[in-house]
Amino acid sequence: MAYPMEGLPQQITIYEVGPRDGLQNESSVVPVEVKAEFIDRLADAGHKVIEATSFVHPKWVPQLADADELLTRLDRRPGVRYPVLVPNQRGLDRALDLGVEEIAIFASATETFAAKNLNRSLESQFGMFEPVVARALDNGVKVRAYVSMCFGDPWEGPTPIQQVVTVGERLLGLGCHELSLGDTTGVGTPGHVTALIRALGRPERLAVHFHDTYGQALGNTLAALRAGVTTVDASTGGIGGCPYAESATGNLATEDLVWMLHGLGIETGLDLDKLVATSTWLAGLLGRPSPSRVVQALSKG
C-alpha cells in the first residue's frame, strides 16, 4: 500500500552504480563474466541507467582492469543506458573506440581530495576535464559530472556550500548535462542537503549520491526529492565505497531506496523481488551478506 506525500515527484530515475562504484572497492577480483551477468540482471530488473565500469588505469583500480572486455561482453538492451567513468583523455580514447555513448567525469569539491584522488589542485582539475568534455561532446557523447566531498571532507571538515556551488557551476558550464552531488563520507544531513540544492538551483540538472555511513542516506534522499531532484544514485545491495577515502562506507542500497519510494507511491520502473534476488546472488559470490536492510529482511523469507 502506497501513502504519497505532498511535494514529491511522481517518478524518479535511479542511476545504478553497483557495477562500477559498488565493485571498485572489492579486494578480490570479480570475474568479468560475473560482472556481465550482474549488469544483465540489473537490466532485467528494470534499470534504465547502469554505470557499467570505469576506464581508470588498472594500477589505481585493479578491480576494473577488464573494462574493455566487459563492454564487449555486454548484451545491450534497447532503452538502457550504459555510461562509464572516464578520468582523462586516455580513458576517453578507450571509451570512444568501444562506441560508448555516455561518460562521467569525477571532480572534487575540496583541495585535499583533489590532490589525493586526482593528483591535481582544486583549480587545476578543470584543466584536465576541459579537453575531455569538449572532445566527448564533439563526438556526440553525453557527459555527467560527479562532485565528491560535497558535504564534508575527512581532512578538511565541513565543505562550504559556496565552494561546492563554484565547482558545480564550472562543470555545468563545460557542457556536462548532469551534476551528481556526492556525500562521499556520508556526513550530510537533510537540512544541509536542502541548503546545497537551493544554492545550486536547477534541480532538474542535479542528481544525488549518498553514502550511508551515518544512516542518513534515505533521509537525505527524501530531502533532495522535496527540493526538486529526480535522479538518485544507488548501488544494488548497498555495496561500494571509495578507495581514496577510508571513511567512505557503502552506497545507498537500491533496494532500500525502492522500498521507500514505492511506499510513497513514486514510480521507479524497478522490480524489487528481482533486485533482492540479484543482491542475494552477488552476496553469495562475494562471500558476505548484503548490507541492505531490505535485502536482509526479504531474503530471509
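Visitor: Which residues are buried in helix 4?

Guide: This is a predicted model. In it, helix 4 runs over residues 89-97, and its buried residues are Gly-91, Leu-92, Arg-94 and Ala-95.

Visitor: Where do those buried residues fall, seen down the helix axis?

Guide: They fall within an arc of 160°, so they line one face of helix 4.

Visitor: And what covers them?

Guide: The cover over the buried residues of helix 4 includes helix 3 (67-73), strand 3 (84-85), strand 4 (102-108) and helix 6 (125-138).

Visitor: What about the face turned away from the buried side, which exposed residues does it carry?

Guide: That face of helix 4 carries Arg-90 and Asp-97, both exposed.

Visitor: Which residue caps the N-terminal end of helix 4?

Guide: Asn-88 does: one of its side-chain oxygens lies 3.3 Å from the backbone nitrogen of Arg-90. As for what follows helix 4, you'll find Gly-99, with a positive phi near 75°.

Visitor: Changing topic: how many disulfides does the structure hold?

Guide: It holds 0 disulfides. Cys-176, for one, is in no disulfide, and the nearest cysteine sulfur belongs to Cys-150, 13 Å away.

Visitor: Is Cys-176 buried or exposed? And what does Cys-150 count as?

Guide: Cys-176 is buried, with a relative accessible area of 0%. Cys-150 has 1% relative accessibility, so it counts as buried too.

Conventions:
Residues numbered from 1 in each chain as written. Predicted model: local features only at pLDDT ≥ 70, side-chain atom pairs only at ≥ 80, totals over all residues. Heavy atoms only, no water. Disulfide = S-S within 2.5 Å. Buried < 20%, exposed > 50% of the residue type's maximum accessible area, 1.4 Å probe, protein only. Helix = DSSP H or I, 4+ residues; strand = E, 2+ residues; numbered from the N terminus. Arc of directions from axis to C-beta. Contact = heavy atoms within 4.5 Å. Polar contact = N/O pair within 3.5 Å; in protein donor to acceptor, adjacent residues only side chain to side chain.
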